[in-house]
Amino acid sequence: MNENDRHISIWSHFLRIVEQIVEPQKFTTWFKPVRPVSMVDSTLTVEVPSDFFREYLEATYLDVIKKTLKRVIGADAKLVYLVKAVSSQPAMEVPAAAGMAPVNREISVNIQPSGNPSPFVYPGLRKIQINPNLNPVYCFANFIVGECNKMGYAAGSAISSAPGKNSFNPLLIFGGPGLGKTHLAQAIGIAIHEKFPELIVLYVNGHEFKTQYMDAVNVRNKLTDFLGYYKKIDVLIVDDIQDLQGPGTQSAFFNIFNHLHQTGKQLIFTSDRPPVELQNFEDRLLSRFKWGVSVELLHPDYGTRLQMLKSLCRREGVKIGQDVLEYLASRIKTNFRELEGAFLSVMAYATAMHAENSVELAAKVTEKIVSAPVREISISRVQAAVCDYFNISTEDLVSKSRKRQIVQARQISMYLCRNLISNCSLSTIGAETGGKDHATVLHSCNIVSDLMATDRMFKKYVTDLETKLAPSEE
C-alpha cells in the first residue's frame with residue numbers, strides 16, 4: 001500500500017466497521033461526509049463540515065469512534081479534526097476528545113454581562129428579586145452518568161461551559177417519567193449559575209408558565225410585563241413543555257423563544273415525548289424545538305442503578321450493605337425515581353422498626369413495589385445458557401481450549417456473570433470458569449465490551465443471551 005494513501009485505507013476500514021454498528025440513515029448523515037486528510041504515525045486527521053458536526057459526533061458516537069480506531073490503528077490511535085474552512089477563513093484544527101488526543105480541546109468564550117438589573121416586574125405582581133428556582137440537590141455532582149444518559153450529560157457539560165454559544169441551543173431532553181430529565185436540566189442551570197453568576201438563569205415548568213400567562217392576560221397591561229420579564233432571561237429552562245397547551249400560551253412562548261434565541265440566550269426544554277409526538281402544538285413552534293439537538297434519556301441499566309444507590313448512601317450519610325444495594329438495583333428496574341423511593345422506604349422501615357438493613361428487609365419492603373420475585377440467576381445457569389447458545393459442552397467452556405468459538409463463549413459467560421449476578425466477585429467467577437484469576441475475568445469483560453461496540457454480530461450474541469437470561473417471574 002502506498003504510504004501516501006494510508007489514511008484513505010484506514011478510514012475505509014473504519015467506515016466498514018462503523019457501518020455495521022450505526023443505523024444506516026445516521027451513518028450516511030454523520031460519517032459519510034467526513035473526509036480523511038492525512039495519517040502520521042498513529043494520528044489520523046479527518047475533515048468535518050463544521051464545528052457543530054464535530055461536536056455532535058463526539059457527543060453521540062465517541063465510544064464507537066474510540067473503540068473502532070483502537071481496533072483499526074492500535075492502542076496509540078489519535079484523531080484530529082480539521083474543521084472545513086468557511087469562505088476565506090483558514091481551516092481550524094481541533095484535537096479529538098480526551099482519550100484519543102494528547103490534549104483536551106479548549107473552548108475560549110467571552111461571556112458578556114447581561115447588563116440587566118436584577119429586579120423585574122413579575123406578571124401581575126410587585127417587583128421582586130428574581131429566583132432561579134433551582135434545587136441544589138439536582139446538581140451534576142449528584143447526577144449518575146451511564147449508557148442511558150451519557151449523550152444528555154455530554155450536551156449539558158458543553159452548555160454549562162458556554163451557555164448560548166454552543167451547538168446545543170435549544171436543547172430538548174425527552175424520555176419517560178423518573179429518568180432524570182428535571183435533574184439534568186436543573187444541573188445545567190446550577191452549573192451555569194455557579195460559573196457565570198452575572199447571567200440570569202430561570203427554571204419554570206410548563207404548567208406554571210401557562211398559569212403566569214393567563215394571570216397576565218387577566219390583569220390590565222400586565223401581558224407586556226410578562227413578556228418583558230422573560231425576554232430578560234439569559235438561560236431559560238422550561239420543564240414539561242408538553243403542558244404548553246392553548247394558542248395564547250404558545251403564541252407568547254413563541255415570541256419569547258424567538259427573542260431569546262436571536263439574542264444568543266440559552267434555551268433548555270424537557271418533555272415526556274419526542275418533538276414529533278407533541279400533540280396540539282403549532283407547527284412554527286415545533287420547528288423551533290427541532291432547531292437544536294434532542295436527546296433521549298433511557299431506562300438505567302443495572303450498573304447505573306447500583307451507582308445511584310451508592311450515591312444516595314453518600315448523600316444521606318448512611319451505610320448499607322453491598323448485598324442490599326445489589327438486591328434493590330436488581331429488583332427496581334423502571335426508573336431512578338422508583339429506585340430512590342424503594343431506597344428511602346427501606347431506610348424508613350428500618351428506622352421505624354429498629355431493624356437492621358438486610359436483604360430480607362429489602363425484599364419485604366419491595367414486594368409491594370415489584371409484583372413477583374425474580375428467578376435467581378447463577379453462574380451455572382449463565383454457563384448452561386451460553387453452552388446451549390453456542391452448542392458447546394460445559395467442559396469445553398471451563399477448559400483451557402484456545403479455539404476461537406470456545407474462547408469467545410467463555411469470555412461472554414464471564415461478562416454476563418459479572419453484569420447479571422448480584423454480589424458475585426471476579427474471583428468467584430474465575431474459580432467457576434476453570435480456575436481463572438480475577439485479572440483474567442476483568443480482561444475478558446473488557447474485551448467483550450469493546451467487541452460489542454464494534455462488531456454487530458458479536459453484540460447480537462450478547463443481547464440474545466441477556467434476553468434469554470432476563471429475570472422471570474417464578
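1. Let me start with the cysteines. Across the whole structure, a search finds zero disulfides, a disulfide being a pair of cysteine sulfur atoms within 2.5 Å. C445 is in no disulfide, and its nearest cysteine sulfur, that of C417, is 8.7 Å away. C445 counts as buried because its relative accessibility is 1%; C313 is buried as well, with a relative accessible area of 7%. Here buried means under 20% relative accessible area, exposed over 50%, and partly exposed in between, using a 1.4 Å probe and protein chains only.

2. A word on what you are looking at. This is a predicted model, in which local features need pLDDT of at least 70 and side-chain atom pairs count only at pLDDT 80 or more, while totals for chains, interfaces and linings use all residues. Residues are numbered from 1 along each chain as its sequence is written, and side-chain values use heavy atoms, with hydrogens and water left out.

3. Now the overall picture. The protein chain has 19 helices and 11 strands; these are DSSP runs numbered from the N terminus, with helices being H or I of at least four residues and strands E of at least two. Of the 474 residues in the protein chain, 47% are buried. Taking contacts (heavy atoms within 4.5 Å) between residues at least 6 apart in sequence, 71% join residues at least 24 apart. The accessible surface of the protein chain is about 23700 Å², and carbon and sulfur atoms account for 50% of it; the areas come from the Shrake-Rupley method with a 1.4 Å probe, and for residues only the protein chains shown count as cover.

4. Do look at Y415, in helix α16 (residues 404-420). Y415 counts as buried because its relative accessibility is 11%. Leaving aside neighbours within four places in sequence, Y415 is in contact with C445, V448, S449, M452, V462 and E466.

5. With a relative accessible area of 4%, S444 is buried, and apart from residues up to four places away in sequence, S444 touches Q411 and M414. G435 sits in the loop between α17 (426-431) and α18 (438-454). G435 is exposed, at 58% relative accessible area, and its C-alpha is 9.2 Å from that of S399, 36 residues apart in sequence.

6. Some backbone geometry deserves a check by eye. Most residues other than glycine have a negative phi, and most peptide bonds are trans. The peptide bond from N169 to P170 is cis, with omega near 5°, and P170 is in the loop between α4 (150-161) and β7 (171-174). D240, in the loop between β9 (235-239) and α8 (247-262), has a positive phi near 55° and counts as partly exposed at 26% relative accessibility. N391 has a positive phi of about 60° although it is not a glycine; N391 lies in the loop between α14 (379-390) and α15 (394-397) and counts as exposed at 71% relative accessibility.
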